[in-house]
Structure formats: structure tokens, C-alpha cells
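Subject: Structure handover

Hello,

Here is the structure for you to look through. Please open it first, then read the notes below it.

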Amino acid sequence: MADAITVSVLGTGIMGAAMARNLARAGHRVRVWNRTRAKAEPLAADGAHVAGTPAEAVEGADVVLTILYDGPATLDAMRQAAPSLRPGMAWVQSTTAGVEAVGELSAFAREQGLAFFDAPVLGTKQPAEAGQLVVLAAGPAGARDQVEPVFEAVGSRTVWTGEDGAQASATRLKLVVNSWVLAVTHGTAEALSLAKALGVDPQGLLDAVEGGPLDMGYLRAKSALILNGDLSSPSFAVSTAEKDARLIVQAGEGAGVRLDVAAAGAERFRRAAAQGHGGDDMAASYYASFDDSAS
């Protein structure tokens, strides 16, 4: 392993906590902060220092890793961290923040003299826990050696998309991939809801496509969650999926592209959240097909 470094992780939700654990297991010194401290406290058992403020968390860091809910939350945390930031620190920004927000974050990085990396990740809870995320990254070639130990600890591979994080090339790719992921999720949910409404055995759908070009592991994984009613331990929550869907639609509008499916998908997530499924796995899009969330 390369020499140990000090990594500050701001945001210890499903993804951030898993990434922090893998950084600690790789032998790095890890400092963590979360707005709700109780979500960060368990990481102390993995050797992480749990900080009370963002400024405390980034003290002495070689790399700051942010993986919070959205762009505004990230910018707020980094502004709170500003008293302890040093010119030359590397900032790995892994929040799915949207194209416009990345511009704001990179501007803050320039003000602070930070080496800014736009670096969202592909993967959900299980690959995050296994250190098998795919890191999509854009940032200065001259500072990549600073962040490569972080990427090696949390991911299986890194896909470099450019040398200027401010251009948001990695975030743009993440939004494109997520548009596909969310479309497949809704497609699965709607097909199963239609099967229920028409009195069709849902297993018939899976049997009909088995082994063919329409079959895929993702269909089977999300179908199992829906059919077993096992949605309360999300790999990707409805509320976060709605946020990402709206960022996708916004990015499309900014580029002059109409994304009708993504817009409708965001509305499905909103309805599912209104029915009480905001913290459930995004496969709970299924319930948005029914007036009664218990259907």
C-alpha cells in the first residue's frame, strides 16, 4: 500500500460511511463529520476520528472527501471548514451535485487554493461497502497522486474524464448513467404494478424474458425487493433518487434536450415519498402506481 494519508470525509450517510470505513481499512488516517453526529459515531469503532464541526474534521487533512446530499449542503459544509483549509489540499467532491453546482463548488475551491476533483461515484450500498465503486473523476493531472490512494481504497477502478473539475465532465457522465439507472428502476416498478393490476403472476414477466436481451440482473434485483416487500434498507433512497432525477432534467433543459421520462420519473418518486416511502429503496417507485401506498 502507498504511504498512509489523512482523509477527511464530510458526509457519512450510506455511501460516505462505507467509503470512510474502506479508507480506514486501507490504513489511512480518517476524520469524519456529519450534520447528524449520530450517523458518524459508529465509525469511531473503525478507527476514525469523529469531529464536531467541518473545520475540526479537515484539520491536517491531505484530502477532503465530500459526499453529502446536494450541492448547497456541500458548499455550506466547505464554508464551515474554511478556517482549517490550506492551499494545496486536494478536494474530492463526490456528491451528485449537478452541473451548475459543480461550477459553484469549483469557484470556492479556487478561492481557497484547493486542487479540485469532480469525482462522483457509480454504485450503491453493497459496492460501496465492498470498496468496488467506479470513480468518475476529472481534475488536475499534477495533483492526481494526492487522490489516487483515496480512489484505490473506495473503488475498483477510476474513469478519468478530464483535467479540469470545473467543467463538470465527470458529473455530466454521472447524470447520464443515472438517467439510465432510474429509467430501468421505473420500468421494473411499472411492469410489476401493471402485472398486479391485470392479475398476472409477476414471475411470468421474469420467466418470459429469462436469458434474452431484455433480461438483466438489475431487473431481478429490484423485482425481488418489490415482491418481497424488502424496501426498508435502501441501497439508494427514494428521496435521493428524486433529487438526482430533477438534476438530470435540469441538465437536459440547460442543454436544450427534453427528457420526458426523467421528468415523469421524478414525479413518481415525489408521489412515493408523499406516501411515506422517502427513506425506502428507490424501487418503491412501484407504490406510485397506486392511490393507496399499501397496494
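**What I found**

An unreviewed UniProt entry annotates residues 170-285 as "domain: 3-hydroxyisobutyrate dehydrogenase-like NAD-binding". Keep in mind that this is a predicted model.

**The other annotated domain**

The unreviewed UniProt entry also lists residues 7-162, as "domain: 6-phosphogluconate dehydrogenase NADP-binding". Here the chain is 37% helix and 25% strand. The end C-alpha atoms of residues 7-162 are 23 Å apart.

**Strands 5 and 6**

Look at strand 5, residues 90-93, next to strand 6. The two run parallel, and four bridges join them. To find the pairing on screen, pick V92, which stands opposite F117 in strand 6. Helix 4, residues 99-112, belongs with these two strands. Together, strand 5, helix 4 and strand 6 make a right-handed β-α-β unit.

Now turn to strand 6 itself, residues 115-118. In a regular strand, side chains alternate between the two faces of the sheet. In strand 6, A115 and F117 are on one side, and F116 and D118 are on the other.

Is strand 8 enclosed or open? Strand 8 covers residues 133-138, and six of its six residues are buried, so it is largely enclosed by the rest of the structure. L133, V135 and A137 point one way. V134, L136 and A138 point the other way.

Strand 8 pairs with strand 7, residues 121-122, through two bridges. These two strands run antiparallel. L122 stands opposite V134 in strand 8.

Strand 8 also pairs with strand 9, residues 155-162. This time there are six bridges, and the strands run parallel. A138 stands opposite G162 in strand 9. Between strand 8 and strand 9 the chain passes through helix 6, residues 144-154. This β-α-β crossover is right-handed.

**From strand 9 into helix 7**

A168 is in the loop between strand 9 and helix 7. Most residues other than glycine have a negative phi. A168 has a positive phi, near 60 degrees, and is not a glycine. A168 is also buried, with a relative accessible area of 1%.

Next comes K174, in helix 7. The unreviewed UniProt entry places the feature "active site" at K174. Is K174 buried or exposed? K174 is buried: its relative accessible area is 7%.

**The second largest pocket**

The second largest pocket holds about 280 Å³ of space. Its lining has 19 residues. Nearest the centre of this pocket lie L175, S179, I248, L259 and A262.

Which helix gives the largest share of the lining? Helix 7 does, with seven residues. Helix 7 (169-198), helix 10 (238-254) and helix 11 (260-277) each supply at least two residues of the lining.

What kinds of residue line this pocket? The lining divides into 13 nonpolar, four polar and two charged residues.

Best wishes

Key:
Residues numbered from 1 in each chain as written. Predicted model: local features only at pLDDT ≥ 70, side-chain atom pairs only at ≥ 80, totals over all residues. Heavy atoms only, no water. UniProt positions renumbered as here; feature names shortened; annotations may be inferred. 1 Å grid on protein atoms, 1.4 Å probe; cavity = no way out; pocket = protein on both sides within 12 Å on 5 of 7 lines; lining within 4 Å. Points joined across faces, edges and corners; volume = space filled by probe spheres on them. Nonpolar A, V, L, I, M, F, W, Y, C, P; charged D, E, K, R; others polar. Buried < 20%, exposed > 50% of the residue type's maximum accessible area, 1.4 Å probe, protein only. Pairing = 2+ DSSP bridges. Right-handed = clockwise from strand over helix to strand, strands pointing away.
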